[in-house]
Amino acid sequence: MDMLCSPPKKARPIPRPNHSKAFGGASVLEIVASHHGNAWRAVYTVRFQDAIYGLHVFQKKSTKGIATPTREIDLIKQRLAEAERDHRERQN
């Protein structure tokens with residue numbers, strides 16, 4: 001029997017979402033994952049009962065600890081505001 005793909009060499013844990021402190025609550029979450037030595041973050045909101053909005057996915061390049069760069073936080077805040085407007089419009 002031919003295998004189309006090889007089995008994984010090492011099982012990797014599934015990243016757990018973290019509550020983003022920068023946005024003041026549990027409605028904005030991030031998943032932090034590592035791939036080939038690089039850190040990646042996916043930020044999304046579960047603020048709305050009937051929708052999940054992906055806000056931003058980016059490679060973490062900071063060499064100064066784990067803090068998210070201000071420009072990334074600003075972009076996420078902007079997209080969160082856009083998601084809130086979009087959701088409000090869809091409810092009307």
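**Close-up views of a predicted model**

Threonine 45 is buried, its relative accessible area being 0%. The model shown in these views is a predicted one.

View 1. With neighbours within four places in sequence left aside, the contacts of threonine 45 are Ser27, Val28, Ala51, Ile52, Tyr53, Leu55 and Leu80.

**View 2. The largest nonpolar core.** Nine residues make up this core: Val28, Val43, Phe48, Tyr53, Leu55, Phe58, Ile76, Leu80 and Ala83. At least two of the core residues come from each of E3, E4 and helix H1 (70-91). In soluble globular proteins, nonpolar side chains tend to be buried together. Phenylalanine 58, one of the core residues, touches Ala39, Trp40, Arg41, Val43, Thr68, Glu72 and Ile76 when residues up to four places away in sequence are not counted.

**View 3. Histidine 56 and arginine 79.** Histidine 56 is part of strand E4, which spans residues 51-60. Its relative accessible area is 12%, under the 20% limit, so histidine 56 counts as buried. The side chains of histidine 56 and arginine 79 make a polar contact at 3.1 Å. In sequence, histidine 56 and arginine 79 are 23 residues apart, while their C-alpha atoms are 8.0 Å apart in space. Beyond neighbours within four places in sequence, histidine 56 is in contact with Arg41, Ala42, Val43, Glu72, Leu75, Ile76 and Arg79.

**View 4. Histidine 36 in the loop between two strands.** The loop that holds histidine 36 runs between strand E2 (28-35) and strand E3 (38-48). Histidine 36 has a relative accessibility of 71%, over the 50% limit, and therefore counts as exposed. The phi angle of histidine 36 is near 50°, a positive value in a residue that is not glycine. Most residues other than glycine have a negative phi.

Definitions and conventions. Residues are numbered from 1 along each chain as its sequence is written. This is a predicted model: local features need pLDDT of at least 70, side-chain atom pairs count only at pLDDT 80 or more; totals for chains, interfaces and linings use all residues. Side-chain values use heavy atoms; hydrogens and water are left out. Helices (H or I, at least four residues) and strands (E, at least two) are DSSP runs, numbered from the N terminus. Buried means under 20% relative accessible area, exposed over 50%, partly exposed in between (1.4 Å probe, protein chains only). Contact means heavy atoms within 4.5 Å. A polar contact is a pair of N or O atoms within 3.5 Å; within protein, one must be able to donate a hydrogen and the other to accept it, and residues adjacent in sequence count only if both atoms are side-chain atoms. A nonpolar core is a set of buried Ala, Val, Leu, Ile, Met, Phe, Trp, Tyr and Cys residues joined through side-chain atoms within 4.5 Å.
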